[in-house]
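User: Could you take me through a close look at one part of this model, please? I'd like to know how its residues are placed and what surrounds them.

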Amino acid sequence: MAGSHIALGAAAWFVAGPRLGLPALDPAMLGLAVTGALIPDIDHPKSWVGRRLKPLSLVLATLLGHRGITHSLLAVIGCAALLLWQQVPLGIAAPLVVGYLSHLAADLLTPGGLRLAWPLKRSFSFPLCRTGSPFEPLVVAVALSWAWGSAPAGLDWCAGYRLTGLSRLTQAEWPGFCQGGASSPELRSFLWGDATLGHWWQMAQISDPGRSAPAGPR
């Protein structure tokens, strides 16, 4: 269910983001976490992402089946490789991986479980609720409530943008960006206006001594 995976991906980022030194409320990172939470079901043509990438989804479903390689330990290894890849900023890799893993964790709680040892047929599960059952929204609501309650107090948009590297941009380009928090005209203009890919890339360049900082978008 796309709605449940979207909610759980966001919830996972509320919990994981601050613990990774990244902002829980950053809209770009939340979007990446939600995207990561939907990607595993690309192997099902009727899923939300499968309908939008149908040719690729049909090929994956035909060759590998649903809950195959995209729901296996190989996918987890791929997530770890993405986190370790120096050319991908942590602000991009981390939310994608957190969202992806939230999807696998959610599917693990259904009777169908996961074929973690794919291509072997055996499934692993901790069957808490069935996909699409009346109990599912309750599980999601509890997870959201817990995630929001566990997030650090005093979260604010302004601090999030400082962490994502906004301070590197010139004062002339971003006048008074943080004044007024998320309601400021400058912030609204950035989110819904004409921000370029270069601006978003600069925001994603998290200051991390262990990572190199690419000069611009690839």
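Analyst: Happy to! This is a predicted model, where local features need pLDDT of at least 70 and side-chain atom pairs count only at pLDDT 80 or more, while totals for chains, interfaces and linings use all residues. Residues are numbered from 1 along each chain as its sequence is written, and side-chain values use heavy atoms, leaving out hydrogens and water.

Glu136, Val140, Ala147 and Ser150 are its buried residues (under 20% relative accessible area with a 1.4 Å probe, protein chains only; exposed is over 50%). They cover an arc of only 100° around the axis, so they sit on the same side of helix 7 (the arc uses directions from the axis to the C-beta atoms). These buried residues pack against helix 1 (2-19), with contact meaning heavy atoms within 4.5 Å. On the other side of helix 7, Val142, Ser145, Trp146 and Gly149 are exposed.

Now for the loop: serine 47 lies between helix 2 (27-38) and helix 3 (48-52). Serine 47 is buried, at 11% relative accessible area. Leaving aside residues up to four places away in sequence, serine 47 touches Asp41 and Ile42. A polar atom of the serine 47 side chain lies 2.6 Å from the backbone oxygen of aspartate 41, and one lies 2.9 Å from the backbone nitrogen of glycine 50.

How values were computed:
Helices (H or I, at least four residues) and strands (E, at least two) are DSSP runs, numbered from the N terminus. A polar contact is a pair of N or O atoms within 3.5 Å; within protein, one must be able to donate a hydrogen and the other to accept it, and residues adjacent in sequence count only if both atoms are side-chain atoms.
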